[in-house]
Amino acid sequence: MDPVIELEDLSVRFGRLEALKSISGAFSGRAIGLLGPNGAGKTTLIHTLLGFYKPATGKGRIFGKDIREQDKAARSLIGYMPERDSFVAGMTAVKFIRLMAELSGLPPSEALERTHEALYYVGLGEARYRKLETYSLGMKQLAKLAQALVHGPKLLFLDEPTNGLDPPARERMIHLIKDIRDTGEVHVVLSSHLLRDVEECCEEVMILKEGALVYYKNLEEERRTNRKFLELEIRGDRERYVEGVRGLGCECALHDKRAIKVVLPPERTIRELYRLASEQQVQIRHLDYKKDSLQDIFLKAMEQPVGGGNGSL
Amino acid sequence: MAVYERSYKRYAGDLSPQWSRFSVLPRYVYQDIFRSKFFLAFLILSLIYPLVCGAVIYLRHNAEVLEAIDVRIAEIFAIDASFFSQLMFVQIWFAFFVALFIGPGLVSKDLANNGLPLYLSRPFSRAEYVMGKFSVLAILLSLITWVPGLVLYALQSGYAGLSWATSNARIALTIFLGSWVWITVVSLMALALSAWVKWRPVAGFLMFMILLGGGFFQVIVNGLFRTEWGDLANLMRDVWIIWLGLIGEPGPGTPVWAAWLAVLAFVCLCIYMLNRKIRAYEVVS
């Protein structure tokens, strides 16, 4: 598949602050999650791709269009739902979204038709003649989604789309994002600090830390190849037991004060772990099969040292 | 994406030409402002004086009607540069009040609720945004200033003949250029203040003060430094001097080139102010 977003050594500076640090990579997923703690550079990356900030070094391309030299051509393929409240006061939803559609190049009659469709699609059909400032937070989020969709983009940037939503509204937003993704007509980049949102909607994930890309993988592939491991909770001399487990040829990591993560080689069985525990008079209080969750992946990525990102770990 | 289907579909139809996109903004603004009966009444009022002038030109060339009742209009009204200067002096004030009514809300509404990122995330540049907002005022102010001015010039030329038109071509040029100087100054000032001052009444008050307060500033500078260069701080006077220079009449002390420079500096300042504010997001380094 041709890359949706290509980055070549992309850096952005605000004065002395390096907000994005030499990010490189080709991203082609149908739904890409953009994760990172606050201040990691998620929104800055989106804004740079939209042409709001000028890169200090490097290049970016969206569907092959350079974000600096072919900025309008690139932006004509994008729909953007910003994180903060964004609307024009005094306008009804219909008028506002029609204006946005016309600015994207739709002729007035088509713009009006698609405005009604977009508002019905996101569930604001009945409230479409109300002024935007009278909308609740959830409705404003949906209106922002409608304006991002109205001109039929190929790539949708959603910046924290579930921010401030109550659980039913969040469910509705997630359902819409999945529905949009599943049409196969648009690629979605979902920026969020909520791992659950990304886990539910995205098949690929990019993790940013301090402006650098520290992880980019296909979640599905990662889940498939992700080895199962055992999580043990023990009482007794933990370090001696870990040494013994390693002596059996198992990979072993200390998880927290009591838990140990163990990857068993094929020739070993759980019985041998129990036998070792018995020999060392260690109690195994809990034993369970686990797989790395997105949270584990995220936490692992956060432990990575920040260097030049290359699109994968 | 039909309403009944409720599923997402890409748009594959025709797109409007890129060069015409800025014109979307005035269309939407006019829908709003023409709902105001007050504004509509004011706009009609602003066209009454040109109508009166049109009637004078008509009567000047159909004097036999009035001569019948022993009124010699040709002796009362001469259709010359002064006649058109008088007309434009009245019209630029109407233009200013129209700009005062519309201008302060043009950009501030978008900035107040972070609307700019939505405009600028589309194939629509900052320059097109400013051009779109500028054209809102430029079109309306043109309707009040140079359009009626040139219509009256054409009417007079029609009655007086080609020789009058060619010998007074400078009047037409002055009406057009002089009006555009005023339109540019007033429109950019309104946009710049609208971008920097979110509260409409304050932005309107500042517009008023920049035009009228320039006179006070002029007196203070001239008094303090015993010079006449303080005149340049008075924008109204600068535009008037440019007008006199264009029409070929002698102006007061300040040279015409200095008035042009003062107006150009003010226009550059407004563009700089707009450039600072018309951004999707402000970056604080």
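This report describes two sheets of chain A, the helices that pack on one of them, and a helix pair of chain B, in a predicted model.

## The six-stranded sheet of chain A

In chain A, six strands form an open sheet with mixed pairing, in the order β6-β7-β8-β3-β9-β10. Its edges are β6 (78–81) and β10 (212–218) of chain A, each of which pairs on one side only, and the twist from one strand to the next averages 15°.

Within this sheet, strand β3 (residues 31–35) and strand β8 (residues 187–191) of chain A are paired in the parallel sense over four bridges; A:Gly33, for its part, has A:Leu190 in β8(A) as its bridge partner. Helix α11 (residues 294–303) of chain A packs on the sheet, where it touches β3, β9 (204–209) and β10 of chain A, and its direction makes about 35° with that of β9(A).

Helix α5 (residues 137–149) of chain A lies across β6 and β7 (155–159) of chain A and runs at about 170° to β6(A). At 1.5 Å a residue, its 13 residues should span 18 Å, and the end C-alpha atoms of α5(A) are 19 Å apart, which agrees with that expectation.

The helix is mostly covered, since 11 of the 13 residues of α5(A) are buried, among them A:Gly138, A:Lys140, A:Gln141, A:Leu145 and A:Leu149. The cover over the buried residues of α5(A) includes β6, α3 (93–103), α4 (108–122), β7 and α6 (167–182) of chain A, and it also includes α8 (116–120) of chain B.

## The four-stranded sheet of chain A

A further open sheet in chain A has four strands in the order β12-β13-β11-β14, with antiparallel pairing. Here β12 (251–254) and β14 (283–290) of chain A are the edge strands, each pairing on one side only, and neighbouring strands are turned by 25° against each other on average, direction ignored.

Strand β11 (residues 229–235) of chain A pairs with β14(A) in the antiparallel sense over seven bridges, and the bridge partner of A:Glu231 in β14(A) is A:Asp288.

## A helix pair in chain B

Helix α2 (residues 37–46) and helix α6 (residues 81–102) of chain B pack at an angle of about 165°, with their axes 10 Å apart. Because angles over 145 degrees count as roughly antiparallel, α2(B) is roughly antiparallel to α6(B).

The crossing of α2(B) and α6(B) is left-handed. The contact involves residues of α2(B) including B:Phe38, B:Phe39, B:Phe42 and B:Leu43, and residues of α6(B) including B:Phe94, B:Phe97, B:Val98 and B:Phe101.

Definitions and conventions
Residues numbered from 1 in each chain as written. Chains lettered and ligands numbered in written order. Predicted model: local features only at pLDDT ≥ 70, side-chain atom pairs only at ≥ 80, totals over all residues. Heavy atoms only, no water. Pairing = 2+ DSSP bridges. Axes fitted to C-alpha atoms, helices over the stretch in contact; angles between N-to-C directions. Contact = heavy atoms within 4.5 Å. Expected span 1.5 Å × (residues − 1). Buried < 20%, exposed > 50% of the residue type's maximum accessible area, 1.4 Å probe, protein only. Parallel < 35°, antiparallel > 145°, perpendicular 65-115°, else oblique. Left-handed = near helix turned anticlockwise from the far one by under 90°.
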